[in-house]
Amino acid sequence: QVHLIESGGGLVQAGGSLRLSCVASGRTLNTYALGWFRQAPGKEREFVAAVSWSGMNTNYADCAKGRFTISRDNAKNAVYLQMNSLKPEDTAVYYCAAEQTYSRGSYYIPAPADYDYWGQGTQVTVSS
């Protein structure tokens, strides 16, 4: 079982930055693809960014391209989401997720529906 705990959310003004962290316990994450998702009030949860288990491949939603950066630190069993140039529409609960993908190759990133493990989320609020 993988337990994921997010942190780093908060209230920030438009144009500001936040760095979200997600730390795992229970298993080491070095064979897991890791993703960030978000859910705004009244909306479906949406994909934001993901990184393959090897770190050799990343994928971003259009809303994140050029502003957000996903990274992982296997030594710390963690994944991060650096968010710059934040906009009010980025306001949401942000979740990290993990999926065991070692056998699928170094570049494989799961479809959003395929992640097995999820954190409880951290609130990000961007004021205008």
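**Ground rules.** I worked on a predicted model, in which local features need pLDDT of at least 70, side-chain atom pairs count only at pLDDT 80 or more, and totals for chains, interfaces and linings use all residues. Residues are numbered from 1 along each chain as its sequence is written, and side-chain values use heavy atoms, with hydrogens and water left out.

**Cysteines.** I searched the whole structure for disulfides (cysteine sulfur atoms within 2.5 Å) and found 1. Cys22 and Cys96 form it, with their sulfur atoms 1.9 Å apart. The link of Cys22 and Cys96 is right-handed, with 45° about the S-S bond. Cys22 lies in strand E3 (residues 18-25) and Cys96 in strand E9 (residues 92-100), so the pair ties together parts 74 residues apart in sequence. I take strands (E, at least two residues) as DSSP runs, numbered from the N terminus. Both Cys22 and Cys96 are buried; buried is under 20% relative accessible area, exposed over 50%, and partly exposed in between, with a 1.4 Å probe and protein chains only.

I noted Cys63 as partly exposed, at 26% relative accessibility.

**Rings.** I then listed aromatic pairs and got 6 for the whole structure. Rings of Phe, Tyr and Trp (its six-membered ring) pair if their centres lie within 6.5 Å; planes under 30 degrees apart count as stacked, over 60 as edge-to-face and the rest as tilted. One of the pairs is Phe37 with Trp118, tilted, at 4.8 Å centre to centre and 55° between the planes. Phe37 is in strand E4 (residues 32-39) and Trp118 in strand E10 (residues 117-118), 81 residues apart. Phe37 is buried at 2% relative accessible area, whereas Trp118 is partly exposed at 24%. Trp118 also pairs edge-to-face with Tyr115, at 6.2 Å and 65°. Tyr115 is buried, at 5%. Ring pairs link Phe37, Phe47, Tyr115 and Trp118 into a cluster.

I checked for charges over rings (NZ of Lys or CZ of Arg within 6 Å of the ring centre and within 35 degrees of the ring normal). Arg45 lies over the face of Trp118, 3.7 Å from the ring centre. The charged end of Arg45 also sits over the ring of Tyr95, at 5.5 Å from its centre.

**Loop.** I placed Ala75 in the loop between strand E7 (68-73) and strand E8 (78-83). Ala75 is exposed, at 78% relative accessible area.

Terms used:
Helices (H or I, at least four residues) and strands (E, at least two) are DSSP runs, numbered from the N terminus.
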